[in-house]
Amino acid sequence: MAFFTLYAKDGSASVQVPHRSGVPGINENWPCELIIRPDDDRLEIRPRMSKKDSVYLPLNKVIQAGVVTEQEIIEKSKSVVGRAVLGGLILGPVGAIVGGTSGVGKKEKKVTHAYFIINYQPDPQVDDIKVLTFDITGALYLNQFTELLKDRAGIVESKPNLSNGPITL
């Protein structure tokens, strides 16, 4: 396990990420270590701080990996009392009335969550695609790990050539 680098002394690459969904036997938000070893064609998903066994995903079953974001809007009630007290401190009784009435209603806050997603196909004969989801909060070296995972899994992404004229979809 490497803390300040992607690679450990044995040549394996790993990142620390909390599990969100998709891995059987590992609870949501459980800390995990994702490991790619140089001599193994599997991704090891090792639960941390647990005696649970690792889960292995053959790299040839991985069809995509990357970071996706999800944005949610959180509505919070405005604090009528807090605004009234603040308005009263600043402008006296009139300020308390104005501050209190400005606290009626709800305010919206946008929150963005980012996740590391691994799509895999358990059986190539069936078009069933499964998803493993991990939270990327505090994950160091995730971009390099993602590129290594794609390389080892044989995932080639085609990028459009924007310099040679128009693109037809």
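The model I examined is predicted.

**Glycine 154**

I looked up the accessibility of glycine 154 and found a relative accessible area of 55%, so this residue is exposed. I then located glycine 154 in the segment that follows α2 (142-153). Its backbone has a positive phi of about 75° there, just after α2. I also checked the separation of glycine 154 from asparagine 60: the two are 94 residues apart in sequence, yet their C-alpha atoms lie 7.5 Å apart in space.

**Helix α2**

I compared the length of α2 with expectation. Its 12 residues, at 1.5 Å a residue, should span 16 Å, and the end C-alpha atoms are 16 Å apart, so the two values agree. Which residues of α2 are buried? I noted Leu142, Phe145, Thr146, Leu148, Leu149, Lys150 and Ala153.

**Nonpolar core**

I turned next to the largest nonpolar core, which holds 27 residues. Leu34, Leu43, Ile45, Phe116, Ile118, Phe134 and Phe145 have the most contacts inside this core. I recorded the elements that contribute two or more residues to it: β1 (13-21), β2 (31-36), β3 (42-47), β5 (62-77), β6 (106-120), β7 (130-135) and α2. The largest share, 5 residues, is given by α2.

**Aromatic rings**

How many aromatic pairs does a search of the whole structure find? I recorded 0. I did find charges placed over rings. The charged end of arginine 42 sits over the ring of tyrosine 56, at 4.0 Å from the ring centre. Lysine 52 lies over the face of tryptophan 30, and here the distance to the ring centre is 5.6 Å.

**Whole chain**

Of the 169 residues in the chain, 30% are buried. I took the contacts between residues at least 6 apart in sequence and noted that 54% of them join residues at least 24 apart. The accessible surface of the chain is about 11200 Å², and carbon and sulfur atoms account for 55% of that surface.

Methods
Residues are numbered from 1 along each chain as its sequence is written. This is a predicted model: local features need pLDDT of at least 70, side-chain atom pairs count only at pLDDT 80 or more; totals for chains, interfaces and linings use all residues. Side-chain values use heavy atoms; hydrogens and water are left out. Helices (H or I, at least four residues) and strands (E, at least two) are DSSP runs, numbered from the N terminus. Buried means under 20% relative accessible area, exposed over 50%, partly exposed in between (1.4 Å probe, protein chains only). Rings of Phe, Tyr and Trp (its six-membered ring) pair if their centres lie within 6.5 Å; planes under 30 degrees apart count as stacked, over 60 as edge-to-face and the rest as tilted. A charge sits over a ring if NZ of Lys or CZ of Arg is within 6 Å of the ring centre and within 35 degrees of the ring normal. A nonpolar core is a set of buried Ala, Val, Leu, Ile, Met, Phe, Trp, Tyr and Cys residues joined through side-chain atoms within 4.5 Å. The expected span of a helix is 1.5 Å times one less than its number of residues. Contact means heavy atoms within 4.5 Å. Accessible areas come from the Shrake-Rupley method with a 1.4 Å probe; for residues, only the protein chains shown count as cover.
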